Structures are given as structure tokens and as C-alpha cells.
Amino acid sequence: DVRTATEAAFFNNDITRANTKAAFVHLAWSPVERLTLSAGLRYNDEFKEYVFGRTGLGGAPLPASSQVRLLNGVVGLYDGKISQNWDYRFNLQYKLTDDISVYGQVSTGIKGGGINPRPFNAAQALPFGPEKLTTYELGWKSDLFDRRLRLNAAIFMSKYKDIQLTLSPNCIALIGATLGSTCNLVINSGDADLKGAEVEVSLRPVPGMIIDASGSFLDFDYTKFQSFGTASVGGPGNPSGPQFGDYPLYTPRWKWSFGVQYAIELGKAGSLTPRFDAAYQSKIFYGVNLPTSRIDGYTVANARLTWENEDKDLSISAEVTNLFDKYYLLTGFDRASGPGFTVAQPGRPREWAISVKKPF
């Protein structure tokens, strides 16, 4: 059950029909020793149909004065050229040695389009197109020192086109003054560039010990926005919309993780393996980049102790997650500038568990 701006309760029952047709081909060729060229092509054709259902709570028609009433039975379609797309991937990989290779690639992809899932009247039951991405990447992969050290790294740049964001609180510039307010319309709003780097390491310095770590950095910049008069473009819980310089929702600039474990051999008594790991992410925003929609950076640590028998067919583990009982937030919904409230979902507190594993 939901309520319109006039506080008229109604029942929402949208019937959805969707299908996707796709075809792809992939080729790999080694013109000389150690060099591999790969190419792939994919065609995608999506179809989505919404039949909007809006009735009174008992199934009766809504009042004649309700714009929502006119949505009942309206069909929204995502089809035709807007739903057809070609994607490709080109990759070049060269093995410097048997243990070290470098690569470069360019690839494209899409996030499928659809139909506005929350129209306030029939005129707002509009489709939106796919969000498109082109990514350029250079990387290094290696297994060194008799496979005691694995080191992989990559740098990349991604160009987003036709980013899907939500137009609110009105879409008068698109729909007109009569039917464009209130509005919560998903549209293809603009473009952006993303640049980043990531690295992962796995080290076995002595028998039984494993040290693993990874890290990443992302730099995101909006490069284009369409203008919609007094409306603003935002994401879920983002009534004010992003501005140039705003960072995208739920996207940390920095992330890292670290773990270490050591298997202690006990002879016929099996082995005992303690492990400690931790993960960090920098601050994120779940709405327009204001203090009311910020989740501060946090680190969460875990610990585990595992006993395994000599035949390696029985193990018992005791573990503690969120070892230091860190209080942190996962998601949020910022409406401080409108209705005047902000809500958020906290992460799980410190917990412990004992598990037994026996393959048969």
C-alpha cells in the first residue's frame, strides 16, 4: 500500500513481461609465440513490458479525480532500437616470461534500460535507454619466486554514457506543467569518466603461511548533465541531485583488505590454522554529497581458528566477525532537505560461530 500526494491510498499490482535475445562470438589468435590476440562481439535485444495496475485497496476504482487512477491498465514498453545494442572486446596479451604477462584491452558493456517503475500518472509511464560503458585497461599478472609471490595489477579508464539517474521532484520540462509534478522519473541524464587502479598480492614466505592483500582507487567525474529547468537529477534518496564534483552513490575512492594465516602442523593430531583479516573502505555517500548522506570510512576485522584432522576430511572452525565490534553503516536514505528525516542501516555487530565440515 502506498499514498499519493493527495493522501489517497491505492493498491499497486504491476504485471511484467520481459525477454532477452543475445548472440556472441569470440576468437583468439596467436600470430607469434607468447602473443595472443582476442576479439569478441555480442548482440543484445531486450524486451520489457509493464502493465500498470492501480486500484483502491479493495480492488475498486480510485476516485475519478485521481491521476493515479488513469494508470490502471496502461502498458509501458521498452523495445525497438532503444533496446538493441552491440558490444565488443579486444584484448592483447603478451607473456614476457613463463611467469609474467602483460595485457591491454578495450571493451564495452551496458546496463539495460526499462520503464519508469514509479509514475505518478499515465504520462510518466516512459521508457529509458541503456547505460553504456567503454573501458580501457592495462594490466600485469605474475607468479614469482617459484610461485611464492603472486602480484597482479591494473590501471583503467571507463567512460560512461547515458547514465541512468532519477529526475525529481518534478519533470515539467519533459511532461508539461499539468502532469510533470510530482515526478520520480528515471532518465538517461548524462556522461561521466572513471579512472582507477587496483592491485592484489598473495605471498607464501614460509611453508604453511599465506599473506594476501588487495587495494583499489577510483576517481569519478561527471562530465555532462542534461538541463531540466527546476528539476534535479539524482539517485535513490537523492532529492537534490548530483552536481559537478559530486561523487556517485555508494562508491568509495579507496578500498583495501589484508589477511594472514599460518597452518601449524600437529602430526597425527592434524593441523591448527589461525587467521586474521581486515577490510577498509573510505567514506561514501548515499545521497547528494552532504554530511546528512555521508557514511564515514571504516575498517572491519575478523578472526578464525580452524582445526583439521590428519586425513584432511574433517575440520572444525571457531570464528568471530567484526572482531572489535565496530559500529558502521551500510546504506541510507537522505530526505533531510524534504520531509526532514534521514534513515540508515547499520552493519552487523560482533558475532561468533562454530562450524563443522565433513565431506562424504
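# Briefing on a predicted model

The side chains of Arg-348 and Glu-351 meet in a salt bridge at 2.7 Å, N to O, a salt bridge being a side-chain nitrogen of Lys or Arg within 4 Å of a carboxyl oxygen of Asp or Glu. This is a predicted model, in which local features need pLDDT of at least 70, side-chain atom pairs count only at pLDDT 80 or more, and totals for chains, interfaces and linings use all residues. Residues are numbered from 1 along each chain as its sequence is written, and side-chain values use heavy atoms, with hydrogens and water left out.

**Confidence**

- The average pLDDT of the protein is 89, and 91% of the residues score at least 70; pLDDT is the predictor's confidence in each residue, from 0 to 100.
- Residues 1–7 have a pLDDT below 50, and this stretch makes twelve contacts in the model beyond near neighbours in sequence (contact means heavy atoms within 4.5 Å).
- Residues 235–241 also have a pLDDT below 50, with 26 contacts in the model beyond near neighbours in sequence.

**Salt bridges**

- The structure holds 15 salt bridges.
- Buried means under 20% relative accessible area, exposed over 50%, and partly exposed in between, with a 1.4 Å probe and protein chains only.
- Lys-159 and Asp-193 form a salt bridge through their side chains, at 3.0 Å from N to O. This pair links distant parts of the chain, with Lys-159 in strand 12 and Asp-193 in strand 13, 34 residues apart. Helices (H or I, at least four residues) and strands (E, at least two) are DSSP runs, numbered from the N terminus.
- Lys-159 is partly exposed at 36% relative accessibility, while Asp-193 is buried at 17%.
- Another salt bridge joins the side chains of Arg-294 and Asp-296 at 2.8 Å, N to O. Arg-294 counts as partly exposed, with 34% relative accessibility, and Asp-296 is partly exposed, with 48%.
- A network of salt bridges links Lys-195, Asp-219, Asp-221 and Arg-253.

**Nonpolar core**

- Nine residues make up the largest nonpolar core: Phe-156, Ile-163, Leu-165, Ala-192, Leu-194, Leu-218, Phe-220, Tyr-222 and Tyr-247. At least two residues of this core come from each of strand 12 (149–168), strand 13 (185–203) and strand 14 (209–225).
- A nonpolar core is a set of buried Ala, Val, Leu, Ile, Met, Phe, Trp, Tyr and Cys residues joined through side-chain atoms within 4.5 Å.
- Tyr-247, a member of this core, touches Leu-218, Asp-219, Phe-220, Pro-252, Arg-253 and Asn-289, not counting residues up to four places away in sequence. Among these contacts, Asp-219 and Arg-253 belong to the salt-bridge network.

- Val-25, Leu-27, Leu-41, Trp-86, Tyr-88 and Phe-90 form a nonpolar patch on the surface, with about 620 Å² of accessible area together. Strand 3 (15–29) and strand 7 (84–95) are the elements that give two or more residues to the patch, and strand 7 supplies the largest share, three residues.
- Patches are made of residues with over 30% relative accessible area and no salt bridge; like charges are joined within 9 Å, and nonpolar side chains (Val, Leu, Ile, Met, Phe, Trp, Tyr) within 5 Å. Accessible areas come from the Shrake-Rupley method with a 1.4 Å probe, and for residues only the protein chains shown count as cover.
- Leu-41 is in strand 4 and counts as partly exposed, at 38% relative accessibility.
- Ser-38 is also in strand 4 (residues 35–51), but is buried because its relative accessible area is 13%.
- Apart from neighbours within four places in sequence, Ser-38 is in contact with His-26, Leu-27, Ala-28, Arg-89, Phe-90 and Asn-91. Of these contacts, Leu-27 and Phe-90 are members of the nonpolar patch.

**Backbone geometry**

- A cis peptide bond runs from Ser-181 to Thr-182, with omega near 5°. Thr-182 lies in the loop between helix 1 (172–175) and strand 13.
- Asp-146, a residue other than glycine, has a positive phi, near 55°. Asp-146 sits in the loop between strand 11 (131–144) and strand 12, and is exposed at 69% relative accessibility.
- Asn-322 has a positive phi of about 50° although it is not a glycine. The loop between strand 22 (315–321) and strand 23 (329–335) holds Asn-322, which counts as buried at 4% relative accessibility.
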